[in-house]
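The sequence and the structure are shown first.

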Amino acid sequence: MTLLFVLAALVNTAGLAVGSLPRWMAAGLDWVSAFTAVFLGIFIEAAPFLLLGTIGSGVVEVFIQHEDVVRWIPKRPLLGALVGSLIGMFFPVCECGVVPFTRRLMSKGLPPAVGVATLLAAPVLNPIVIASTLAAFGPGLVFWCRLGLSLVVAVLTGWLFSLVKNPAELLRPGVIAPLQISIPDAPAQRLPLMERVRKALVISADEFFEMGRYLILGAMLAAAMQTFIHQSTLLRVGQGPVLSVLVMLALAVLLSICSTVDAFVALSFTGTFTIGAILSFLVFGPMVDIKSTLMFLRVFKPRAVAFLVLLPLGMILVATSLLNIFGRGGLF
Amino acid sequence: MSLRAYRTFQALILACLGMFLLFKVVDGRILLYISQRFIVIVLLAAVGLIVLAQLVLRERPIQDTDAAEAAHEEHHHEEKRPGWALWLVALPLLAGLLVPERPLGASTLQSRGINTSSVVSAGGSAGQSLATNPDERSVLDWIRIVSDSPDSRAYEGQAADVTGFVYHDIRFRKDQFLVGRFAITCCVADAVALGMVVDWPEAAGLPDNTWVRVRGQVHSYAMDGKNLPSVQAQAVETIPQPEQPYLFP
């Protein structure tokens with residue numbers, strides 16, 4: 001890949017016309033510029049939202065006390081997961097920003113099971129995404145089902161995670177401990193406000209680098225898959241009630257689009273796909289895609305990440321397929 | 001890597017990323033990557049990155065801190081700042097600076113296929129497109145109009161004047177080519193190829209990816225149960241790649 005970048009750079013600086021290159025070189029160059037365009041497209045679109053998430057994380061670190069988190073979150077698992085799912089309503093984050101943000105909350109005492117619910121639900125259940133979905137689809141079936149199904153899946157998954165006896169085992173060792181040292185001498189609260197804001201922003205810069213590299217790896221992976229896997233083949237496959245859902249689930253992972261805007265992309269598939277398939281794209285995409293899965297691995301142990309991906313996948317597949325099969329009657 | 005060096009590089013990369021985005025927005029080339037509706041957000045992020053760079057730069061420890069304290073810091077931070085992570089974050093910058101900016105073209109169209117139905121349903125309406133002057137309509141407008149209008153008299157025979165890149169499909173006749181455009185909803189990752197089939201005797205002489213301006217009469221044909229527009233060309237001229245190669249539905 002580096003080699004191809006260098007080749008591209010040479011062509012760029014030497015001002016060679018693409019037409020004058022040997023055939024294989026021109027093809028390689030086509031490949032590189034398509035790959036780069038998609039890679040940078042995903043990165044440029046997601047970076048502002050990642051930045052927002054890491055700033056949120058910095059603010060949590062500096063301004064929120066451990067005791068506050070423990071006090072706000074109900075002890076009952078199901079209720080805790082419900083509250084966790086709704087955190088996004090107050091801190092709008094997309095699926096990139098939610099990972100550093102939630103990790104910080106967990107280091108402040110948020111139970112991992114509640115954190116799981118936040119990770120899954122917050123990218124959809126927040127004002128920005130609700131507004132963009134409303135703008136794209138209007139207040140109809142798709143809109144309400146997206147919100148409802150996201151909430152149900154997040155709460156159920158969070159609740160299932162709460163059944164784990166020792167929740168700390170879910171997390172990567174060190175997720176909680178090393179974060180504390182960002183502020184060596186304890187009570188940041190005593191510092192003047194400007195000083196606290198400065199600390200919050202430096203933390204967010206650190207986290208931008210830490211999470212940013214997974215965003216970049218994910219964006220590159222997604223761009224490579226887009227360059228090699230022919231989307232047209234995928235689209236030709238799926239029309240049945242279950243198959244169409246599977247295709248759109250694959251597409252959600254493949255495209256790796258930010259949850260704040262995926263509604264507009266989904267809208268462009270409404271002519272081609274079943275309503276259940278569109279819904280599965282809108283619910284699963286924000287929860288799991290290539291870049292967010294890579295970021296999950298920063299926070300949870302691989303086994304926990306596997307469940308974090310597979311549980312929502314199973315639930316959404318079943319729910320949206322059923323919608324397709326039984327919804328055909330009177331509903332639409 | 002010492003904390004000081006790490007902070008320096010961090011600030012450098014943040015500042016360069018910010019400046020990169022800023023320049024792209026200023027000269028309009030940001031639209032080769034994302035849709036216009038994101039420009040403001042990207043601009044804010046660019047400013048934010050530059051501010052962060054400034055803060056991180058001031059955060060650098062002075063070289064000769066107490067050695068014991070430095071070692072202590074070192075130990076704790078080790079896992080948080082591997083050098084490779086820095087360079088990985090600089091990768092978008094390198095890619096953006098080194099690789100020539102070329103919009104998606106014929107080869108991508110070949111791999112993604114043409115998907116006219118999707119853009120038709122996304123935003124905008126045939127009514128809107130019909131309201132524009134026929135010779136100002138884009139490929140996208142024509143597709144919307146032809147696939148949505150029940151009455152072919154609304155468009156049949158009207159004069160089209162569209163631009164796009166040339167694409168030859170194996171299914172086409174020798175005297176046909178596709179005048180194609182990519183439509184982008186959010187970023188290049190969701191680009192969808194559109195096009196109108198053009199009847200033009202000298203089609204074979206036009207290489208793929210050449211940008212052309214096509215003038216002629218619009219007709220429609222049915223494919224997979226949908227009506228799609230085609231152009232009976234009167235004039236096809238080669239043009240330089242337009243400033244804005246993508247369409248934003």
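Over the ring of which residue does the charged end of R137(B) sit? In this predicted model, the ring is that of W142(B), and the charged end of R137(B) sits 4.8 Å from its centre.

**Aromatic pairs**

A pair of aromatic rings is described by the distance of the centres and the angle of the planes. Over all chains, a search of the whole structure finds eight aromatic pairs. Two of them are set out below, one from chain A and one from chain B.

| Pair | Centre to centre | Angle between planes | Geometry |
|---|---|---|---|
| F208(A) and F209(A) | 6.4 Å | 85 degrees | edge-to-face |
| F9(B) and W87(B) | 5.4 Å | 65 degrees | edge-to-face |

The angle of 65 degrees between the planes of F9(B) and W87(B) is the reason that this pair counts as edge-to-face, since the class requires planes over 60 degrees apart. F9(B) belongs to helix α1 (residues 3–26) of chain B and W87(B) to helix α4 (residues 83–98) of chain B, so the pair ties together parts that are 78 residues apart in sequence. F9(B) is partly exposed, with a relative accessible area of 32%, and W87(B) is also partly exposed, at 45% relative accessibility. In chain A, by contrast, both F208(A) and F209(A) are buried. Chain A also holds an aromatic cluster formed by W31(A), F35(A) and F39(A).

**Helix α9 of chain A**

Helix α9 of chain A covers residues 193–228, which amounts to 36 residues. From its first C-alpha to its last, the helix reaches 51 Å, close to the 52 Å expected at 1.5 Å a residue. Of the 36 residues of α9(A), 27 are buried, so the helix is largely enclosed by the rest of the structure.

**Chain B as a whole**

Chain B contains eight helices and six strands. Along the sequence, these elements follow the pattern α-α-α-α-α-α-α-α-β-β-β-β-β-β. Of the 249 residues in chain B, 50% are buried. Where contacts in chain B link residues at least 6 apart in sequence, 68% of them join residues at least 24 apart.

Key. Residues are numbered from 1 along each chain as its sequence is written. Chains are lettered from A and ligands numbered from 1 in the order in which they are written. This is a predicted model: local features need pLDDT of at least 70, side-chain atom pairs count only at pLDDT 80 or more; totals for chains, interfaces and linings use all residues. Side-chain values use heavy atoms; hydrogens and water are left out. Helices (H or I, at least four residues) and strands (E, at least two) are DSSP runs, numbered from the N terminus. The expected span of a helix is 1.5 Å times one less than its number of residues. Buried means under 20% relative accessible area, exposed over 50%, partly exposed in between (1.4 Å probe, protein chains only). Rings of Phe, Tyr and Trp (its six-membered ring) pair if their centres lie within 6.5 Å; planes under 30 degrees apart count as stacked, over 60 as edge-to-face and the rest as tilted. A charge sits over a ring if NZ of Lys or CZ of Arg is within 6 Å of the ring centre and within 35 degrees of the ring normal. Contact means heavy atoms within 4.5 Å.
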